[in-house]
Amino acid sequence: MADSEAMEAEARRFLCGLVKCDGFYKLKHLKDFRGEEDLHNLPLKKAEARRFLCGLEELEKNCWQFCPVSDSKEDDERSVHITVPPTKITLGGVKMTEKLRKQFEKENVIITNPLNDKHRFFNDVFATLFNTSYARLQSRFVHYFKAERKQRWEFKCNISKVEAKYDILVHKPVGQGGGYGLGNYLVLPSKFDKNNISVVRGGIDELQILNTNVQDLNDKLVKDRKERLMDENNIIKKWASTEQEPYNLDALNTCELLKGKIDTTIEKLRNTLKSMMCLPSEQVYKDKSAQKASRRIKENQHHGKKRKRERLQRFTLEVAKRLGATICGDLYSPLETGDAQLSADDVKETVELLSVYSKNERLLEALNQLRDDLLDSTAWEVVMQWFNDED
């Protein structure tokens, strides 16, 4: 009886250690676990128990094959950490042992739980490069692989950005997320104006930028091909023929196709722009007289505002003179003339000289121009008392 209780306690400690250390996703051997009733006997937190139960549900749904139960400590440890069958895996003629796979996972060469496209891409690159280059590189493989996957991911991202930008320029209407609606100008439209011409010109400039970006990527691939993959006789090196050349050729072909598509679009847009510019001006631009009238209205509005400001400035200068300000040319401001501000005693008598003006918004606006500049706070109170006096 005592032996059975000791064994049960040991089993509980073992299960608890598995959950806390490795997580449910590696517990593929617990086929006899009875679910919630057994969890009550384990010192687990709620989150740990919940994760463990989710793992068991997934285990049952996928019908995983379990490793045979062993009494030895070595087999128990192996069953905890191994996520593949406990045999050597053959990849490209190279034997990958469990120890090597663990090492790759520890060094983040193999991503055991890929969460996004980048992680999945890295794993795909690993499968390709391991099959072709591990036997040659051995201990240098990890450094080589990390540099290679970074370079390939950057190329993939840059190409994707160019393709996405091209689609926006061609297919999205003007004003929507940087779109130009260039697909509408690949042939000459029946109706257009000067704004359409500006759109086509701007679209051509944007496409030329994309074309330059693709050419830069292509030049980088060509340079890498010549310097790293070829010998002095421009012959592909033996190791690169199966390891690098297929990827290099595929990337070059991607650049060539994308550049060709952009070049074709630019050529069509240039033909459209040329046709637009060759048509009579009345079909391209608005009526000249209407343009001149619109321009005159805008100019008159601008000059009207300027004249209004100048009239207010002259009127403010006259008010400042009547209040007794020292005038220096066209300046009445103590900040400019260096004189002291007017106080209440200075304006008690001179304020009556403002009676020649109507007490309206124009006068109030002029007085506001003098506030805190020519008039101090006491003088401003006297002036406002006079302004608000109905007599």
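Which residues have the most contacts inside the largest nonpolar core? They are Phe155, Val200, Leu207, Leu210, Cys255, Ile262 and Leu269. This is a predicted model: local features need pLDDT of at least 70, side-chain atom pairs count only at pLDDT 80 or more, and totals for chains, interfaces and linings use all residues. Residues are numbered from 1 along each chain as its sequence is written, and side-chain values use heavy atoms, with hydrogens and water left out.

**Overall chain**
- The chain has 16 helices and two strands (DSSP runs: H or I of at least four residues for helices, E of at least two for strands, numbered from the N terminus).
- Of its 391 residues, 34% are buried (under 20% relative accessible area; exposed is over 50%, partly exposed in between; 1.4 Å probe, protein chains only).
- Among contacts (heavy atoms within 4.5 Å) with a separation of 6 or more, 63% join residues 24 or more positions apart.

**Nonpolar cores**
- A nonpolar core is a set of buried Ala, Val, Leu, Ile, Met, Phe, Trp, Tyr and Cys residues joined through side-chain atoms within 4.5 Å.
- The largest has 28 residues.
- Helices α7 (141–171), α8 (194–229) and α10 (245–278) each give two or more residues to this core.
- Its largest share, ten residues, comes from α10.
- Another core lies apart from it, with 25 residues, including Val319, Leu342, Leu363 and Val382.
- Val200 touches Tyr185, Leu269, Leu273 and Met276, leaving out residues up to four places away in sequence.

**Gln369**
- Gln369 sits in helix α15 (residues 361–370).
- Gln369 counts as partly exposed because its relative accessibility is 41%.
- Leu317 is 52 residues from Gln369 in sequence, and their C-alpha atoms are 9.8 Å apart.
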